[in-house]
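Please keep the sequence and the coordinates at hand while reading.

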Amino acid sequence: MSDKTPDPTVIGEVAAPPFARLPDPHQIFIDRALRLRALAPLSEIGLYLRLLSDLAELQYRIQDDLPEPVLPDAAALARAHTHGMPPLDRIGFAPDAAFATTFDRFTAAAEEIAMPPAAAEALGRVRAAGRAQGESMLRAVLAASIPAESLAEHAFMAAALQVHFARLAARLDAAALGPVGNGACPCCGGPPVSTMVVGWRGMHGIRFCACSLCGTYWHQVRIQCVLCGSTKGIGYQEVEGDGGTVKAETCDSCHRYVKVLYQVRQTDLEPVADDAASLGLDLLMQQQDEYERGGFNPFLLGY
């Protein structure tokens, strides 16, 4: 169903919301796991959502006693702030001991959960990959340019990277963050997985983008394309009968779309979980052959 009228939901309670909200590396994954577990029995892709829930729970559980991640030094952080660049450079990321431990611990723990044979085989290939192959997968995930023939393998790598980057982002100073470009996370420069009109105390009705990698939220004005900044030709589409909690915000200027989740209407919505569960909306948009998906969810890749 298509709707070219402006989004009618209230604009918000505060005139100047904080620009960025950093992730809590433990809470983000347990919230995601619980939401996926609640969605699974209600969905035609319930088995897949249950697998994602198990993986998100592992992302939470493996964090105890991980080595401290290495942040950029003070000079690099200051330079990024001065030049409007993300302080966590995903393209120039160099894996450290903390990431190596995170990756090994996550992939080892993942062998203990139930998953389809094809996913288990993909996990085995990830664990058996040599250094060069592993780094190639890492670079592909961070560049959002994953080969079609190895989608599942990259989803496991993405899960380990999400844990590491959430831990890095949590150690930054939110007050020092600023815009770095349309559709780019102010922490790591990554694309949003979705946007959410939140129901948080004091910020009811404010829209935030949610980073697909580090879990940072950043403020985004309403009825404006997240990806190109245009305010013209903005429309909203949804699957009929879904209750209006998840919509695709489309842009006639760049012909892309990003999902909007209305947490103001349903309080337990979660950016990654509800993006994955609303796969039907992505299929609807593909059938129209007019707009390309602008958000990035690595866990849609393995489906």
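The mean pLDDT of the chain is 91, and 94% of the residues score at least 70; pLDDT is the predictor's confidence in each residue, on a scale from 0 to 100. This is a predicted model, in which local features need pLDDT of at least 70 and side-chain atom pairs count only at pLDDT 80 or more, whereas totals for chains, interfaces and linings use all residues. Residues are numbered from 1 along each chain as its sequence is written, and side-chain values use heavy atoms, with hydrogens and water left out.

Where pLDDT is low, the predicted coordinates should not be read in detail.

The charged pairs come next. Side chains of opposite charge can pair when their charged atoms come close. The structure contains 16 salt bridges, each defined as a side-chain nitrogen of Lys or Arg within 4 Å of a carboxyl oxygen of Asp or Glu.

One of them joins D268 and R35, whose closest N and O atoms are 3.1 Å apart. Because D268 lies in the loop between β8 (256-262) and α8 (271-277) while R35 belongs to helix α1 (residues 27-39), this pair ties together parts that are 233 residues apart in sequence. D268 is partly exposed, with a relative accessible area of 39%, whereas R35 counts as buried at 8%; buried means under 20% relative accessible area, exposed over 50%, and partly exposed in between (1.4 Å probe, protein chains only).

Which side chain meets K259 in a salt bridge of 3.0 Å, N to O? The partner is D275. K259 lies in strand β8 and D275 in helix α8, so the pair ties together parts that are 16 residues apart in sequence. K259 has a relative accessibility of 1% and counts as buried, as does D275 at 0%.

K259 also forms a salt bridge with D282, the closest N and O atoms being 2.6 Å apart. This pair links distant parts of the chain, with D282 in helix α9 (residues 279-288) and K259 in strand β8, 23 residues apart. Both D282 and K259 are buried.

Notes
Helices (H or I, at least four residues) and strands (E, at least two) are DSSP runs, numbered from the N terminus.
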